[in-house]
Amino acid sequence: MTQFTIVVPTLNESDNIDLLLSRIFELDIPSNNFEVIFVDDSSDDGTREKIRAWQECTNVHLIERTGKPDLTASILAGTDAARSNVIVVMDADLSHPHEQLEALVTPLLRGEYDVVIGSRYINGGDTHNWPFYRRMLSRIGGWMARPFCDVSDATSGFFAFRRELAATVSEQAHGYKILLEILMVNDGNLRIKEIPICFRDRAHGTSKLSLSHQLVYLQRLMALAGGAVSVGTAGRFAVVGLLGMIVDAIVFQWAISRDAGLALAHFVSFFVAVSVNFGLNATWSFRQQDIHQLQLYRFGRYLIVGALALLLRGGVLALCVYIWHVPPSLAIFPAIAATALINYFGSAFYVFPDEKRLPSLNMRWRVAAVGVVLFCILLRLIYLGLAQLIPDEAYYWQYAQHMDLSFYDHPPMVAWLIWLGTAVLGDNEAGVRAGAFVCNLIAMGFLYAYAHNLYNKSTALRALLLFSVLPLGFLSGFLMTPDVPLAATWMAMLYFMERALVAGQRSAWLGVGVALGLGLLSKYTIALLGLAALFFVLADKAARHWFRDPRPYWSVILAILIFSPVLIWNHQHDWASFVFQSTRHVANDNQFSVHFLLLYIMILLTPIGFFTALLALVGNGENNHKVRQDRELDKRKRVFVQIVAGVPFLVFLVFSMFDHPKFHWTGPVWLGVLPTLAWMIGQTEGTDKFIQWLQRAWQPTIAACLLAYAFTLHYVVLGIPGVPYSWFTEHYFWRETTREVELIADEVRQQAGLEPIIVGMSKWSVASSLYFYNHAHRNLDIRSRDLFGDNGAMYNFWFPAQPPTNRPIVQIGMKPRHIEQIRPGDNLEQMLVQPGEIHYRVIQNDRKQLKRIYYRIARGFKGTSV
């Protein structure tokens, strides 16, 4: 009885046939248990004759195909002719280890698995004698398929599968990676096993791999993911895109020649080009039978994709013109290219998908996750060095200019990261924010692993999508504040805590200690995770044995050692930082602010995320856990998630009953529950109507968040035609403000003959912003309002009390009241020599009014003791 069939596609492999069959029949497998079917694609080197010679005495069969050679068609033809239900696919070039045949088919013969793959990229697997470029091509192809397949080597050519799976392969399938077809079409419905193999490069003959095979692979990968992608589609889209590019460039050049400005010119040219493109794409490029192309929802989706492309290309245009100093007439072309890329993939997968062959809901979410995550990374990367610093970032940049073991109001990690970034990229916006970008990628890596351990790969990808698109994640990858390294270390600590407390891995305690120590160097809030760990050990019987194990205690000691720079600094400065952090809120009057806390959480998570997170915390979102296999382990994971998010949240909830919280404080708290939110999105069974409504609401929420981020970044960098600059009046446009302050200082310098002291009339935001944007000239002596005896945070350490002086004092504030007094009842005029009237200057850029600044000039300073 034939138990399995080996299908070997061939094309000019005459030198390998005898060796291959000899090795197969030398195996300790009875020859009547298997058959070998060769499917030849018009070989002209004697391959068929070699095979026929073996047919006379063995169970070897030959199928002769005519027409265009195609590996997938050959394998399907061999499968159709097979006499067994287990099919093995292997190459004829001796690259696949024949000795692994039994290991490959045994799990299928036992009924344990549906697909068994010989993998080069798991432990024990390897490739020998492959040139570097072949290794890279294979790796890249595998990496591209990884988000859509739950295997390590989706491009393997050596695998076994159940014969009935061949019927699921699309008639449009072609190319050389039929395994990819089987895996993606049967997404989530297969029992898959990978065994390690050693792949060897062919010894005889030549490889059939070519550039066309690579392009076919990409086309099939995108088509299987649900995109309306084909050679014809891409070609038609390229023609339409070229026409649109010509129209775009002509209109842009015309607008620039009319002094329209960069933003208005690229908006006008884009809308003209996109109108042309939509009509042609809808009726020609992505035409589909039985579908009315100009449906309203399609046009709405096209507007969303077009708006994202427009706002992204504005960043590319600004990057070329402002940073790389490319003339606008040339800069428009890379901007148009970026637009075309976004438009093509957005149109293929979102606007005009192949609705006749839509993949599963799970696969569509995977595709969405990949697209959204890549778009967010690209958006941040383009605008990273274009958007001006907010005052908080400028203040932490000043940390890096006064490097120390720690600082009065924050631990040192943010300063260390900024110092490293600016050492590499310079004292500019990109240098300051480089650490935020890297920390965000680190947080994403740990989040993926954490979610994968709790649930599965699909959930992990959706968790990355949520982290990328929700404000708590997007902002932490852009703005450089202490919350950035906190998010990365918080996520790392969650991962290691789950491995230690739930999975029982003793070595994970080392990671817990390192993450906790680095987190304390970022922000003291991470100590709440230690409290959550204690609650979990108390609540979980299986974890209580850690009380008797020394490893948790050693991890705490390790964390304290890493945290020691802060301890040393505080010891040297009378414990100033600890006193500040522990007393600044206690001294405030009681203020019930729970409503503000909930509002801030809605901002961080969006309203849909907020309600989904509440369901996750109370457990109502996971009633489908009853269908999962290991119910006890699932219960422990669920309790773990509820505790690591719930305990810190309860601490902030109690705090908000007596004091006003900052809106970003609870951001890291929700990292622990993100995987559960992602899991709930993908559930299709056992969910009530409210959860179903939340699931439907996620798509518009994601689109709205993406548009909001892209709109805001474009607005602050290039502006939006017709939209005035009425936002960010106090916290933005400091580059232009600094130029105006420099002019004021020059006027005072000329009139008084003395160098003025510039006093930013805020705790530190005005002074720090002026410092950053004046650092290239260094022609301003800038102080904070600590000059008048107020608390200026680190300015109290950097600039000791100013003695009386006859140097002119120039107060700079965003509102007149900031200049008149610091606190109610203050009389700053008593400290000043002949203070003048309060004046204002209008800050402009490109003939647009940005904001106002107010200032007052005095002839000297009497000191704070008057």
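**Entry 1: the whole chain**

How much accessible surface does the protein have, and what share of it belongs to carbon and sulfur atoms? I looked this up and found about 37100 Å², of which 60% belongs to carbon and sulfur atoms; accessible areas come from the Shrake-Rupley method with a 1.4 Å probe, and for residues only the protein chains shown count as cover. I note that this is a predicted model, in which local features need pLDDT of at least 70 and side-chain atom pairs count only at pLDDT 80 or more, while totals for chains, interfaces and linings use all residues. Residues are numbered from 1 along each chain as its sequence is written, and side-chain values use heavy atoms, with hydrogens and water left out.

I then looked up the overall make-up: the protein has 30 helices and 16 strands, where helices (H or I, at least four residues) and strands (E, at least two) are DSSP runs numbered from the N terminus. The C-alpha atoms fill a box of roughly 115 × 75 × 55 Å along the principal axes. Of the 866 residues, 55% count as buried, a word that stands for under 20% relative accessible area, with exposed over 50% and partly exposed in between (1.4 Å probe, protein chains only).

In helix α3 (residues 71–81), the buried residues include Ile75, Leu76 and Gly78, and what covers the buried residues of α3 includes β1, β2 (34–41) and α6 (178–185). At the start of α3, a side-chain oxygen of aspartate 70 reaches to within 3.2 Å of the backbone nitrogen of threonine 72.

**Entry 2: salt bridges**

How many salt bridges does the structure hold? I found 27, each being a side-chain nitrogen of Lys or Arg within 4 Å of a carboxyl oxygen of Asp or Glu.

One of them joins glutamate 181 and arginine 220 (2.7 Å, N to O). Glutamate 181 lies in helix α6 and arginine 220 in helix α7 (residues 211–224), so the pair ties together parts that are 39 residues apart in sequence. Glutamate 181 is buried at 1% relative accessible area, and arginine 220 is buried at 7%.

Another joins arginine 433 to glutamate 393, with the closest N and O atoms 2.8 Å apart. Arginine 433 is in helix α15 and glutamate 393 in helix α13 (residues 391–401), so that pair links distant parts of the chain, 40 residues apart. I found arginine 433 buried at 1% relative accessibility and glutamate 393 buried at 0%.

I also noted that Asp40, Arg48, Glu49, Arg52 and Glu64 are linked in a network of salt bridges.

**Entry 3: cysteines**

How many disulfides are there? I found 0, taking a disulfide as a pair of cysteine sulfur atoms within 2.5 Å. The sulfur of cysteine 376 is 9.0 Å from the closest cysteine sulfur, in cysteine 705, which is too far for a bond. Cysteine 376 counts as buried, at 0% relative accessibility.

**Entry 4: a nonpolar patch**

Which helix gives the most to the nonpolar patch? Helix α20 (residues 527–539) does, with 4 residues. Phenylalanine 535 lies in this helix and counts as partly exposed, at 41% relative accessibility.

Definitions and conventions
Contact means heavy atoms within 4.5 Å. A polar contact is a pair of N or O atoms within 3.5 Å; within protein, one must be able to donate a hydrogen and the other to accept it, and residues adjacent in sequence count only if both atoms are side-chain atoms.
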